[in-house]
Amino acid sequence: MLLEIKNLQAGIEGIKILKGLNLKVEKGEVHAIMGPNGSGKSTLAKVIAGHPGYEVFEGEILYEGKNLLEMEPDERAREGIFMAFQYPIEIPGVSNSQFLRIAYNEKMKHLGLEELDPIEFNDLLKEKAKLVEMGSDFLKRSVNEGFSGGEKKRNEILQMAVLEPKLAILDETDSGLDIDALRIVANGVNSLRSKENAIILVTHYQRLLNYIEPDYVHVLADGRIVKSGNKELALKLEEKGYDWIKEAA
Amino acid sequence: MITQVKKQNLYEELFQKSFSQSTQPAWLKDLRLKAFEYFSQNGFPTPEDEEWKYTNTAPITREQFSLSVEKKPSTQLENLIYKETQRSYLVFFNGQFIRELSNLEAASNIEIFSFSEALKTNNEILEEKLTKQVQYQRNGFTALNTAFIENGLFLHIPENQKVSVPIQILFVSTENVIATPRILILVAKGAEATLIESYLRSEQARYFTNAVIEISLEDRATLKHHRIQRESHNAFHITTTDVEIGEESIYDSTNITLGAKWSRHEISAKFTKEKAEVFVDGLYLTSGEQFADTHSVIDHLHPNCKSRQNYKGIVDGKSRVVFNGKIFVREGAKGTDAHQSNKNLLLSSNARIDTKPQLEIFNDDVQCSHGATVGQLEEEEIFYLMSRGLPASLAKNLLTYGFAEEIINKIELESVKATLDEALLNRLSVRL
Ligand SMILES: Nc1ncnc2c1ncn2[C@@H]1O[C@H](COP(=O)(O)OP(=O)(O)O)[C@@H](O)[C@H]1O
Ligand SMILES: [Mg+2]
């Protein structure tokens, strides 16, 4: 089991947002988590990534059998967890390529593998950038600074491509994208999909799932997973909205 | 009080020694005498003086210095010369301009005179210009500098000359010395030049630099001025820079403060005509027990001028920083466009910043803003980097580096920028 979440109750500033959430993810799977605004999707993503502002009141998260909640966010990242931010952060003065090389080398160091010098790394980076159709000017610019919404989302997927996580959580990576950018992002994600990793797609819309086919679809409402199914469930949600589930639950 | 008098006796001795050997013309000797008299009576400024409220001069008052006896440095200067200025540098050693150590092969269209040369050939110009902008009465430091004027530098960029190579002025000093460099820079009509003023010292010598630089830009002139203060960490340093800017001229300066145990930079920029632009930006990076002070004044006396001031600070350890930026917009200065910003990162709870932006407007038709912040790194930014696998300390140091880069990136000269990046990354223990 790659990830196992048991009775997770978590929130922020003393407010409980997740109220007993259970989820199991195996390697090779793609899970979609859908739900209305404010249902706690980003909270779940941030708790898994280890955001220090969130508090876990009860429950546990096991990652490769280890207690994830005891690990610092950077340790989680080096162990293969990656969250694509719903709102990526701008880092002025640090270039995309510098940042990515530092992150890549931190991971290599952790795994006891060889670090890359700037020249070697740039070769790798150019290959990865092709996946999300990003030119070299993007690599020289400061991280996310002055990027459009769509460019920021593509940059998140570039980071994912470089870091090759075992578990990627994409928090609304599709929102705010036009159809071309959505296709680019989806192609990038699909090419990174493998038997060795798992992806959790957090999304508000069914649209993304036409491009990235999930194995499972879960509906998150009021801090719990209230329904799980396959991709047919997403279509039904598209058609009927979320209310029928809330009523049924 | 008693120690104060004793220390002035000390400077008295040094002054008499320097003055008695002088072969300078009467007007200059007279000026030096008056300046020293002023210093004897007033000493260094004290915190009662509003401009020195947060700046304690006692650490300098306590020290003893001597005049230089050596005429040449014992070490090689080559590795202190930037790649871009290999054939266009001027050297001050222990406060005196030394032509024999300088090289201007690549900048043949500029004129330089040491004061002793200028007094032979250009006596009137020097008499007319020297201390016109920075009078000895400004404070004890400018008085002391004036009292010790010996071999300063007069740098003249003649009319319409575009100097294609940057010019480096390098200052090096040795143990115990009081260095009082004095420079006059005249950028004539339509001329353009880039200047790097660099105080560099890798060893841990204790000395005192007290520099005064008077810069005058005539009409349609451009001067890019990079000031790099990387004195030894046992050194005391003060520079008084005064700039006058003529019509449609541009003065663009970047002031980096990394070194010295105690330092202050006073910079005043004054528009003498219309439609000119001034940029006074800077970065100070302090740690340990350093003290670093920046006092700037931008004076809008004439219409339609623009000024920008962007200072950033990274303040760590037990260091102390003072920033005081004033913008005056005078009555007649219609259409003034003046903005000032001072952002500080306070990295340690034992460090301290006193920042005071000040805007005084005597006129309605203006666009002005100013602001100062003192803060820590953003939690969300730290988390973002950590979520990519960077340990907390590396994440913080990388963000601090990024914060400083906005200013360092302004410096277009590759090797100057590279050495600053290296110093910054070393200080932050980041490997890029
Ligand atoms: N910093 C915060 N302080 C208080 N409440 C918050 C904070 N952040 C989010 N919330 C609340 O938590 C709930 C879940 O938010 P979130 O996880 O972002 O939902 P989703 O991503 O599903 O839209 C919402 O009701 C939101 O208002
Ligand atoms: Mg969300």
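**Salt bridges, cores and a helix**

The side chains of B:Arg264 and B:Glu266 form a salt bridge, 2.9 Å from N to O. The term means a side-chain nitrogen of Lys or Arg within 4 Å of a carboxyl oxygen of Asp or Glu. This is a predicted model: local features need pLDDT of at least 70, side-chain atom pairs count only at pLDDT 80 or more, and totals for chains, interfaces and linings use all residues. Side-chain values use heavy atoms, without hydrogens and water.

B:Arg264 is buried, at 1% relative accessible area. B:Glu266 is buried too, at 9%. Buried means under 20% relative accessible area, exposed over 50%, partly exposed in between (1.4 Å probe, protein chains only).

Another pair is B:Asp354 and B:Arg352, with 3.0 Å from N to O. B:Asp354 is buried, at 13%, whereas B:Arg352 is partly exposed, at 40%. Shared partners join B:Arg138, B:Asp242, B:Arg264, B:Glu266 and B:Asp293 into one network of salt bridges. Over all chains, the structure holds 41 salt bridges.

Now the nonpolar cores. Each is a set of buried Ala, Val, Leu, Ile, Met, Phe, Trp, Tyr and Cys residues joined through side-chain atoms within 4.5 Å. The largest has 127 residues; A:Ile48 and A:Leu167 have the most contacts inside it. Its largest share, 9 residues, comes from α8(B). Domain 1 (2-273) and domain 2 (378-432) of chain B both contribute residues, so this core lies between them; the domain bounds come from an automatic or database domain assignment. Apart from this core lies another, of 48 residues, including B:Leu104 and B:Ile298.

Definitions and conventions: Residues are numbered from 1 along each chain as its sequence is written. Chains are lettered from A and ligands numbered from 1 in the order in which they are written. Helices (H or I, at least four residues) and strands (E, at least two) are DSSP runs, numbered from the N terminus.
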